[in-house]
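Please examine the sequence and the three-dimensional structure shown below. The paragraphs after them are intended to be read with the structure in view.

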Amino acid sequence: MRHLFRKVIIAGLLSSSLTTAYAEGEQYFPLQSYRVGPYAAGGTGFFGGFIDYMQHVNQQGGVNGVKLVWSECETEYETEKGVECYERLKGGLKGAPAAATNPLSVGIAYATLDRSRKDKLPLITINHGATASTDGRVFPYVFPLQLNPYSEVSAIVNYIAEKAGGKDKLSDVKIATLYHGSPYGTETNGVLELLSKEYGFELKLLEVPHPGNEQQAQWLQIRRFQPDWVILRGWGVMNPVAIKTAKRYGFPVDRIIGNIWSNSEEDVRPAGDTAKGFVSITTHPAGTDFPVLQGIKASVVDAGKSDLQDPSRFGTVYYNLGVVNGILNVEAVRLAQEKYGHKPLSGEQVRWGFENLNLDNKRLEELGALGLVQPLELSCYDHEGGGAVRFQQWDGQAWQVISDWVQADRQLLRPLIDKASAQYAQENGITPRDCAPI
Amino acid sequence: MEFFLEVLIGGLLAGVMYSLVAIGFVLIYKASGVFNFAQGAMVLFAALTYVSLIDQGLPPWLSLVVTAALMVLLAVAVEAAVLRPLVNRPPIVLFMATLGLAYVIEGAAQALWGTQVHGLELGISDAPMFLGGLLISSFDLVAAGIAGLLVIVLSLFFSYTQTGLALRAVADDPLAAQSVGIRIRRIWVIVWSAAGLVALVAGLLWGARLGVQFSLSLVVLKALPVLIIGGFTSITGAIVGGLLIGAGEKLAEVYLGQLIGNGIENWFPYVLALLFLLVRPAGLFGQRTIERV
Amino acid sequence: MSFSTAQILVPDRPVASRLVQHKRSRWIGWVIGVALFALVLPLTVSDYWFSAILIPLLILSLAGLGLNLLTGYTGQLSLGSAAFMAVGVYTAYNLDLRVPELPLLVSILGGGVMAALVALVFGLPSLRIKGFYLLVSTLAAQFLIQWVLVKFGWFSNYNPSGVISAPDLSVLGFEVETPRARYLLTLAIVAALFWVARNLVRGETGRRWMAVRDKDVAAATLGIALLRTKLLAFAISGFFLGVAGCLWGFLYLGTVEPHGFDLNRSFQILFIIIIGGLGSLTGSILGAAFFVFLPIALSNLAGALPVGTVDNGLLENLQQVLFGALIIFFLIREPGGLVRYVQRAIQYVQHRLGIARNSG
């Protein structure tokens with residue numbers, strides 16, 4: 001049974017009459033969730049974890065006594081529905097002000113990029129989103145927390161270098177990248193080419209058209225190229241099909257590295273036994289052993305209040321991403337409360353909390369999330385913060401973590417980000433804020 | 001040269017999988033003149049039902065029987081709720097109705113069984129195979145064999161049974177067939193059931209290739225150009241069309257893709273079909289004379 | 001078998017009386033419509049209504065109108081509408097970017113023209129092939145254009161994410177910033193194009209289109225140049241769709257990504273005109289309204305139910321079933337679409353009023 005706080009947002013529908021007087025002690029999170037359509041598996045896991053963590057926080061008395069409330073709006077992962085949801089929910093819930101939006105969709109994130117600036121409502125795009133928005137000078141309200149697409153690729157290349165015995169050995173390495181035929185898929189091609197020039201590895205880029213259920217031609221080409229590693233930049237059905245087709249054409253599955261959207265249980269399970277040995281990156285290990293997850297289990301899941309329909313998904317990659325996202329959001333609110341007072345805060349105030357977020361291992365240990373969340377330090381200049389990933393391998397039943405945190409070369413990539421954000425600023429007539437670069 | 005042959009053979013085997021979906025179209029088009037866009041949704045529905053029943057703990061044979069029975073039930077429902085009320089309406093209206101039908105079936109399948117993705121193991125080997133130095137996917141080979149078998153069974157059915165004869169009569173001239181006492185509604189139910197069973201076979205094979213999930217219904221988009229090339233009324237045409245499209249798109253992806261950029265498999269079949277149409281409007285094996293102005 | 005849509009639109013009353021009746025009810029309808037959209041709504045509703053409901057409603061109406069000219073009036077089925085929208089918005093974006101001197105409206109106009117040209121090219125096979133076969137041509141457009149836009153970075157100004165954001169909007173020196181301003185600009189453009197479409201379909205062009213739709217061989221015998229007529233329909237339809245694409249990207253979402261113009265959007269536009277009314281201008285608006293309001297109404301309804309009774313996911317799937325069922329329902333029961341229900345309602349009211357006046 002799902003226990004959701006669902007309310008008709010009549011206030012939003014009929015008029016946007018914003019009451020400025022906040023309700024007693026409630027902070028609101030609008031959820032642009034997606035539980036149907038091709039990406040439903042990701043949506044139910046992520047929002048399940050997010051909601052369960054918020055329930056857990058409320059059980060412990062909320063954030064300094066401020067209770068968290070939320071309501072959902074189904075987007076089906078479609079941009080225009082996400083926009084409608086954004087507009088419907090941004091005004092808060094019964095007087096409780098909205099803290100931040102977390103759409104977990106590149107399309108929706110882009111469509112609300114400009115709106116979030118105008119509405120002064122933080123837009124959190126954990127592990128995804130526009131790479132350029134790492135630059136907080138141009139995008140004060142956007143936070144691609146933990147990992148942007150460039151860092152992701154750089155960390156993978158660094159891992160491959162580690163396996164090859166150092167970056168100087170990369171010149172003997174061949175890497176093929178299989179990417180989804182969409183803006184998301186093509187986003188990192190430029191960075192890969194740059195890194196290939198920088199380190200001298202041989203690179204082959206192969207596109208798989210959406211949705212990706214035919215990949216023979218690509219894998220035959222990969223087989224001829226004989227790469228040491230294949231980076232899989234997949235999406236939905238493309239992932240299991242890649243694994244299966246690799247097997248059918250004799251490419252070893254443990255030489256494929258899945259990216260951040262090719263790393264969930266839902267991406268490998270459909271491939272069955274074939275997927276055994278498949279490697280992928282993650283910003284947060286799957287598993288239930290972390291104290292924070294045990295806490296959620298005790299207070300929410302075992303009490304029958306979990307948002308998950310299928311309890312066996314507790315502790316999976318998407319669920320834990322939702323939990324991590326919950327932790328980061330709540331920590332931002334907590335931090336902002338230290339500055340603005342223990343009361344419900346406006347989006348503008350919560351934004352300050354995000355920008356000054358500084359989670360070290362000590363704080364992570366207190367949260368019971370050491371090893372689940374990477375140390376994160378944000379600033380006006382840097383809205384990403386971490387840029388590290390761990391590698392995990394599928395053993396047929398579950399993901400096993402096989403590496404420590406591997407850091408991306410963020411300094412190397414920063415000029416590219418600055419260029420993109422400058423272009424955005426120029427096209428949109430934004431004057432960048434003045435931050436002292438680190 | 002070796003590589004060329006590998007791509008070619010891989011493409012031909014993929015083409016057989018396209019034909020499998022296209023055959024469902026041909027059956028229905030032949031008997032009722034309906035271009036059934038919901039065929040892809042039926043593939044999804046069949047595969048999802050089968051997998052979900054297995055997940056519920058049913059043995060495979062029973063799941064198969066239950067799913068097959070559901071497909072027949074679906075055929076009866078379609079005849080009663082869509083075909084009968086729309087009798088004598090132009091084909092384009094029937095086509096649009098099947099678009100609606102596709103929505104209904106997809107929505108119902110997911111409302112019934114949920115949106116989780118499932119793996120499906122049929123016990124067919126995935127290991128690569130070498131034939132005379134050429135790499136061939138054993139899975140695709142077996143799948144092609146099953147598709148071939150299905151075609152033979154269907155051909156026998158339509159050639160040598162009373163129902164098959166009636167069906168051909170209806171396809172030839174519905175009015176004349178009715179006047180000699182063939183009950184056309186029964187024929188509709190039979191062909192839609194047959195198409196449902198073809199969808200089941202296609203669903204299982206495609207499901208084993210992709211995993212069972214929403215995008216199974218998108219295979220319909222691959223079947224369309226196959227039909228254009230093969231003609232709407234010929235099972236042989238569907239097979240040949242499938243082979244042509246499969247081989248064509250893979251070769252194009254590898255060789256043309258190097259020239260103009262890769263990832264062209266989505267549109268190439270359509271452009272191929274379009275060129276084909278301009279040269280040979282009725283398709284390779286189509287019976288219907290094309291309307292010309 | 002004939003492939004015309006004639007039978008979809010069987011007139012069930014003598015033509016003459018229909019025309020007379022229509023004239024009056026249409027006038028009243030237009031007046032009420034204009035008053036509502038241009039006067040009442042802008043003064044009464046909130047920003048949420050502008051940016052989440054009214055703007056997409058108007059744009060989808062325009063897109064529906066574009067397809068309706070081709071499918072409803074000329075009888076050519078198309079599943080490439082979304083691609084033509086994409087051509088429009090990418091052209092306008094690039095015009096605006098590369099020729100900054102151009103005013104916004106000219107860029108949008110350029111987007112429409114380019115979409116018209118592209119639609120014309122993909123309409124060329126329509127002389128040789130018809131019916132379902134034509135789907136192949138329009139689907140080729142759908143997939144090919146999307147591929148081109150993703151593949152070649154030039155179209156998105158080498159933006160690393162391939163997603164472009166709308167330029168600064170200003171018309172005749174006015175900054176179009178607030179949701180209300182964006183709504184009014186959308187309304188002005190959409191209303192102007194509806195007026196153009198109305199004159200087109202009532203004039204000689206419209207009669208030619210309908211002749212081709214109803215019986216193309218007969219039309220040819222009457223001396224109507226089929227190729228020219230059909231291609232004109234493709235081009236004009238493409239123009240309307242292209243402009244709709246510009247508005248969608250610039251005034252509604254504020255961003256443009258190829259994914260937003262995929263096959264599902266083409267289906268959506270087709271469904272809008274089936275449900276609203278094939279071969280009817282008002283039908284395009286009604287169909288769009290239906291598509292905008294139904295999901296929002298359902299999701300609000302679900303929110304009103306007690307906690308835990310309905311699962312969100314289940315509800316969305318049932319909504320899909322409902323859409324499909326409604327499409328079948330309309331094709332069976334009311335091939336004229338929603339617009340016929342509205343017309344009947346208006347006639348009923350007029351009839352009652354007439355009686356009241358006579359007796360009083």
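The structure is a predicted model.

Helix α4 of chain C covers residues 104-123, and its 20 residues should span 28 Å at 1.5 Å a residue. The end C-alpha atoms of α4(C) are 28 Å apart, which agrees with that expectation. The helix α4(C) is also mostly covered, since 14 of its 20 residues are buried.

The contacts between chains come next. Where chain C meets chain B, the contact takes 43 residues from chain C and 42 residues from chain B. On the chain C side, α5 (132-151), α8 (216-221), α10 (263-276) and α12 (312-333) each supply at least two residues. Of these, α12(C) gives the most, with 13 residues. By class, the side of chain C that touches chain B has 29 nonpolar, ten polar and four charged residues.

Chain A also touches chain B: 32 residues of chain A are in contact with 31 residues of chain B. Here α2 (40-59), β6, α9 and α10 (238-248) of chain A each supply at least two residues of the side that touches chain B. That side divides into 16 nonpolar, eight polar and eight charged residues.

The nonpolar interior may now be considered. In soluble globular proteins, nonpolar side chains tend to be buried together. The largest nonpolar core in this model has 361 residues, and those with the most contacts inside it are V43(B), A47(B), V191(B), V136(C) and L247(C). The largest share of this core, 18 residues, comes from helix α2 (residues 47-73) of chain C. What does V136(C) touch, if residues up to four places away in sequence are not counted? V136(C) touches L224(B), P225(B), I228(B), Y270(B), A273(B), L274(B) and L277(B).

L275(B) is placed in helix α11 (residues 268-279) of chain B. Because L275(B) has 13 C-beta neighbours inside 10 Å, this residue counts as partly exposed. The C-alpha atoms of L275(B) and L64(B) are separated by 41 Å, and the two residues are 211 residues apart along the chain.

Chain A provides an example of strand pairing. Strand β12 (residues 388-394) of chain A is largely enclosed by the rest of the structure, because five of its seven residues are buried. Strand β9 (residues 279-282) of chain A pairs with β12(A) in the antiparallel sense over four bridges, and V279(A) stands opposite Q393(A) in β12(A). Two bridges join β12(A) to strand β14 (residues 406-407) of chain A, and these strands run antiparallel. The bridge partner of A388(A) in β14(A) is Q407(A). Three bridges join β12(A) to strand β13 (residues 399-401) of chain A, again in an antiparallel arrangement; here Q392(A) has V401(A) as its bridge partner. Together, β12(A) and β13(A) form a hairpin with four residues between them, and G396(A) in the turn has a positive phi of about 105°.

Most residues other than glycine have a negative phi, and most peptide bonds are trans. Which residues does a cis peptide bond join? The cis bond joins H210(A) and P211(A), with omega about 0°, and P211(A) lies in the loop between β6 (202-208) and α9 (216-225) of chain A.

Two residues other than glycine have a positive phi: N127(A), near 65°, and Q146(A), near 75°. N127(A) lies in the loop between β3 (123-124) and β4 (142-143) of chain A, whereas Q146(A) lies in the loop between β4 and α6 (149-164) of chain A. N127(A) is buried because 26 other C-beta atoms lie within 10 Å. Q146(A) is likewise buried, with 27 other C-beta atoms within 10 Å.

Key. Residues numbered from 1 in each chain as written. Chains lettered and ligands numbered in written order. Predicted model: local features only at pLDDT ≥ 70, side-chain atom pairs only at ≥ 80, totals over all residues. Contact = placed C-beta atoms within 7 Å. Nonpolar A, V, L, I, M, F, W, Y, C, P; charged D, E, K, R; others polar. Buried ≥ 20, exposed ≤ 12 C-beta atoms within 10 Å, placed from the backbone. Expected span 1.5 Å × (residues − 1). Pairing = 2+ DSSP bridges. Core = buried A, V, L, I, M, F, W, Y, C linked by C-beta atoms within 7 Å.
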